[in-house]
Amino acid sequence: MSGSSVGALLETTLPLPLLHRGKVRDVYEVGPDELLMVASDRVSAFDVVMSLPVPRKGEVLTLLTAWWLDRLRVDHHLLEVDPDRIERRHPELGESRATWARRAMLVRRTAPMPVECVVRGYLSGSAWREYVETGTLAGEPMPGGLRESDRLPAPLFSPATKADPGMHDENIPFGAVIEQLGETMAARVREVSLEIYGKGRSACDAKGIILADTKFEFGLDGQGRLLLIDEVLTPDSSRFWPMESYAPGRGQPSLDKQPIRDWLDALPDWDKRPPPPDLPDQVVAAATGRYLEIFRRLTDVDLDDWQIPRFAEDA
């Protein structure tokens, strides 16, 4: 393992049934109604999981999600993130606590929606590429004359498919969401997504950060309630741009894993397919620095000093 990755968590093995191992999260069943979502330090780029992890990344994703959910005032699936309270509810996790503490969320189990709920405030990434080619976004006409990274006239709900591992998510029109969810639920997830994005953008503006776009996921609990699930407004699900360096007409520096993407993009002999090349120590360290910076800029507290909030009442 690279020196920069010493102490990082690449994969977990807990005394619970493993339900799913994704690009970043290992999800375990905790009884019939709860899941334990553990954010590893795995990192992907161009839809390929790198062989080396990025230290502290999983902590940032978990604790930043908790920070947002403590403020957004929206129905969500998070029950506990405090390790003491998780262990109190599930003592069988005590011996493995060093593995999951500060990177695990105990959540209500839901039936996830089959679409990615993307909200875009700026024209970037796949939206920019589509606009250049067709003048549309997810098949919908867009105003002419927009530049890369331009702020859109109003935030745009831009849903996408949930791709299988190794595949790319694809932008889809709102009509496709209606076909999958029905008109009432499609309108509801659009409304809630735009509402959360608006709250997130206002909070980011106050910290000198541009929330260019973000992705939300929703699920239905056993009573049919719509809940916000998974990670929320993290550097893995969002584009955060430093306001001080923003200039439309080009790509923007991002407070995320951009050092990894930039290094990989400059390689002349990697075709962006597995297996990935090993990341240099300095690139891994730079990525860790970006994750820690966005946490500090948003919360005004260093990661090690942040006090974890309480969510559920004691069982």
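The following questions and answers concern the fold, the surface and selected residues of a predicted model.

Residues are numbered from 1 along each chain as its sequence is written, and side-chain values use heavy atoms, with hydrogens and water left out. Because the model is predicted, local features need pLDDT of at least 70 and side-chain atom pairs count only at pLDDT 80 or more, while totals for chains, interfaces and linings use all residues.

Me: How many helices and strands does the protein have?
Reply: Helices (H or I, at least four residues) and strands (E, at least two) are taken as DSSP runs and numbered from the N terminus. On that basis, the protein has eight helices and 16 strands.

Me: Why does the protein count as compact as a globular protein of its length, and what is its radius of gyration?
Reply: The radius of gyration is taken over C-alpha atoms, and the globule rule is 2.2 Å times the number of residues to the power 0.38. For 315 residues the rule gives 20 Å, and the value of the protein is close to this, so the protein is as compact as a globular protein of that length. The radius of gyration is 19 Å.

Me: What share of the residues of the protein counts as buried?
Reply: Buried means under 20% relative accessible area, exposed means over 50%, and partly exposed lies in between (1.4 Å probe, protein chains only). Of the 315 residues of the protein, the buried share is 52%.

Me: Among contacts between residues at least 6 apart in sequence, what share joins residues at least 24 apart?
Reply: A contact means heavy atoms within 4.5 Å. Among the contacts in question, the share that joins residues at least 24 apart is 67%.

Me: How far apart do the centres of the positive and negative side chains lie?
Reply: Lys and Arg count as positive and Asp and Glu as negative, while His and the chain ends are not counted. Each charge is placed at NZ of Lys, CZ of Arg, CG of Asp or CD of Glu. The protein has 38 positive and 51 negative side chains, and the centres of the two sets are separated by 3 Å.

Me: How many disulfides are there by the distance rule?
Reply: A disulfide is a pair of cysteine sulfur atoms within 2.5 Å. Cys117 is in no disulfide, as the nearest cysteine sulfur, that of Cys204, is 19 Å away. For the sulfur of Cys204, the closest cysteine sulfur is in Cys117, and that distance is too far for a bond. The count of disulfides is zero.

Me: Is Cys204 buried or exposed?
Reply: The relative accessible area of Cys204 is 0%. That value places Cys204 in the class called buried.

Me: Which elements are among those that cover the buried residues of helix α4?
Reply: Helix α4 spans residues 125-134, and its buried residues are Gly125, Ala127, Trp128, Glu130 and Tyr131. Just after α4, Gly135 takes a positive phi of about 75°. The cover of the buried residues includes β9 (115-122), β10 (136-137) and β16 (238-242).

Me: Which two residues are joined by a cis peptide bond?
Reply: The loop between α7 and α8 holds Pro275. The omega of the cis bond is about 0°. The bond joins Pro274 and Pro275.

Me: What is the phi of Lys272?
Reply: Lys272 also lies in the loop between α7 and α8, and its relative accessible area of 30% makes it partly exposed. Although Lys272 is not a glycine, its phi is positive, at about 65°.

Me: How far apart in space are Arg273 and Phe46, C-alpha to C-alpha?
Reply: Arg273 is placed in the loop between α7 (258-265) and α8 (281-299), and at 57% relative accessibility it counts as exposed. Arg273 and Phe46 are 227 residues apart in sequence. In space, their C-alpha atoms are 8.3 Å apart.

Me: What distance separates the C-alpha atoms of Thr184 and Glu92?
Reply: Thr184 is found in helix α6 (residues 183-206) and counts as exposed at 69% relative accessibility. Thr184 and Glu92 are 92 residues apart along the chain, and their C-alpha atoms are separated by 42 Å.

Me: Is Asp82 buried or exposed?
Reply: Asp82 is found in the loop between β6 (78-80) and α2 (83-89). Its relative accessible area is 18%, so Asp82 is buried.
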